[in-house]
Each structure stands twice: as structure tokens, then as C-alpha cells.
Amino acid sequence: MRWEVLADYEAVSVRAAELLLAAIRNERSIVLGLPTGRTPEGMYARIGAQCRREYHCFAQTTTFNLDEYVGVPRTHPASYYSYMRQRLFEHVDLNPARIHVPCGTAPSLEAECASYERSIRDAGGLALTFLGLGRNGHIGFNEPGAPFESRTRVVELTASTRNANAPFFPGGEVPNRAITMGIATILDSLRIVLIASGAAKAGAIRRLRDEEPSPEFPASALARHPDVLVIVDKAAAG
Ligand code: GLP
């Protein structure tokens, strides 16, 4: 695992955007794994701004989002589909046919998960995946206890994750399940970049740095991957 400790959130966002755009320039038809959450907002803002200047950079790119809430329609403002539409899809020239976000309202969630895994495989596999980090170490929505061999599936969200995301559901109806790529799905990505910012992540970052891999801290699975870059700001680095 390689580490970069940068000054602040701004620097983390600029660096992550730079890596993503460089990867696309290098390989136009790249397959990306993409995160949601507060952390990547700055990265997406910079990518949108860059692509207004350098049009056609996403035309051949394929994207797969890490996760989506179960039971939340795509049109709901707190769905991860809405998040991605607002922050990335509307600002770049991605081909809608190459955009993938799990559908949390699919009639058969099991079939949706199986077909998501198949689509990733059919696209040639993830080449570069960006991750945020939950305070309890979750990646995607792989909560503590998630097996390292897990694939895309429906998971129960922990109380702490539901609390962290409650502000996005002002009506109080925070979903208790989600579809997420599994840890093994994520580890199959050729390259992985994890970004974290702020003092609230310092505990999780310390565990990522110091602890032996264990499903109790899902992000620790990344130690088993040969090409992981962790980009943190000073506050998250403690
Ligand atoms: C969310 C997402 C994760 C994200 C994490 C951290 O619940 N499912 O993919 O990385 O929690 O989010 P944030 O960046 O808002 O701290």
C-alpha cells in the first residue's frame, strides 16, 4: 500500500481528479469503479470543471458505481444515482450506455447483483477503482464482518452508517439495506485509490495503517492488493 499525505481536502481532491483524468487520457476505454459520499465531491467537481475545457474525454469510458441503497428510486434526491448524475454524469460526455449504478428497486435484487457482477466481467473488469472510507472501515457498503471473498450482494447497513447518512434523508426514512460490490469485486480492480479527509477519519486511517487484515475492518483487505494508493490529508493522517 502506498501512501500520500497532502495538506488538506482541496489537495486530496485535486490529486484524485488528476489521477482519474490521467488514467482516462492514457486509456480512453478504461473501466472505472466509482465511489459516492462526501469525500469524492471535490474530486468530481474538479473533473467536471476540467472536462468542460477538454471535451470528449469520457466518451469511451465505462463506469461502475460501488453501491446503491435498496428501495430508493433513482429519482430520489438521496439515491447514489442522483448523486452521480448531479456531480459527474451531467458534466461530462459519458455514454449513458456505459454508466452502471446498481438498481436498488430492481424486482429481483438477487438477479440485479448477479447481473452487475456479470456486466463488470463483460466490460473487461475494473481497471481503476476509487474508494472512500467509512468511519467503521467500510468500503462501498461492505460493513464490518463482510467476507473478503464477497461479491456484489444485498447487505444490511449498520446503525453507525445509517446515522452518518441520515442527513441525506431528512424525512427520517434512512434505508437499512444496500446493494454493494463485494470486497472481492473491489480487489479484482487492477488499481485502487482510496481517499480520506478530516479528523473524523483519523481512527479508521490509523487502523488501515496498523492492523492486520481482518473482516472486522473491511478496508484492511486492501493490504492484500498489489496496487493500492491511499491519499489522505493531514487531519485524516492524524
Ligand atoms: C458511504 C458510502 C461509501 C463511502 C463512505 C464514506 O456510506 N457507501 O462508499 O465511502 O460511506 O462516506 P463519506 O465520504 O461521506 O465519509
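## Close-up views of a predicted model

**View 1. Pro 170 sits in the loop that joins α5 to β8 (177-180).** Helices (H or I, at least four residues) and strands (E, at least two) are DSSP runs numbered from the N terminus. The model is predicted, so local features need pLDDT of at least 70 and side-chain atom pairs count only at pLDDT 80 or more, while totals for chains, interfaces and linings use all residues. Residues are numbered from 1 along each chain as its sequence is written, and side-chain values use heavy atoms, with hydrogens and water left out. Pro 170 counts as exposed because its relative accessibility is 77%; buried means under 20% relative accessible area, exposed over 50%, and partly exposed in between (1.4 Å probe, protein chains only). Pro 170 and Gly 238 are 68 residues apart in sequence, and 32 Å separates their C-alpha atoms.

**View 2. Thr 63 belongs to strand β3 (residues 62-65).** With a relative accessible area of 0%, Thr 63 is buried. Leaving aside residues up to four places away in sequence, Thr 63 touches Leu 32, Leu 34, Phe 89, Leu 94, Arg 98, Ile 99 and His 100. Contact here means heavy atoms within 4.5 Å.

**View 3. Cys 103 lies in the loop between β5 (99-100) and α4.** Cys 103 and Cys 113 are ten residues apart in sequence, with a C-alpha to C-alpha distance of 8.8 Å. Arg 74, Leu 109, Glu 112 and Ile 179 are touched by Cys 103, not counting residues up to four places away in sequence.

**View 4. Ala 49 is part of helix α2 (residues 41-53).** Ala 49 counts as partly exposed because its relative accessibility is 31%. From Ala 49 to Asn 165, 116 residues apart along the chain, the C-alpha distance is 27 Å.

**View 5. The largest pocket has a volume of about 680 Å³.** It is lined by 35 residues, and the closest to its centre are Thr 36, Gly 37, Arg 38, Thr 39 and Asn 165. A pocket, on a 1 Å grid over the protein atoms alone, is an open set of points where a 1.4 Å probe fits, with protein on both sides within 12 Å along at least five of seven lines; lining residues have an atom within 4 Å of a point. Grid points are joined across faces, edges and corners, and the volume is the space filled by probe spheres set on the points. At least two lining residues come from each of β4 (67-69), α3 (80-89) and α5 (159-165). The lining holds 15 nonpolar, 14 polar and six charged residues. Ala, Val, Leu, Ile, Met, Phe, Trp, Tyr, Cys and Pro count as nonpolar, Asp, Glu, Lys and Arg as charged, and the others, Gly among them, as polar.

**View 6. The second largest pocket has a volume of about 210 Å³.** Among its 16 lining residues, Ile 120, Gly 124, Gly 125, Leu 126 and Asp 188 are the closest to its centre. Helix α4 (residues 109-122) gives the most to this lining, with three residues. Six residues of the lining are nonpolar, five polar and five charged.

**View 7. The ligand is surrounded by 13 residues.** The closest are Arg 38, Thr 39, Asp 67, His 138 and Lys 201; a residue is counted if one of its heavy atoms lies within 4 Å of the ligand. An oxygen atom of the ligand lies 2.7 Å from a backbone N or O atom of Arg 38. A side-chain N or O atom of Asp 67 is 2.9 Å from a nitrogen atom of the ligand. For the side chain of Tyr 80, the distance from an N or O atom to a ligand nitrogen atom is 3.4 Å.

Conventions: Polar contact = N/O pair within 3.5 Å; in protein donor to acceptor, adjacent residues only side chain to side chain.
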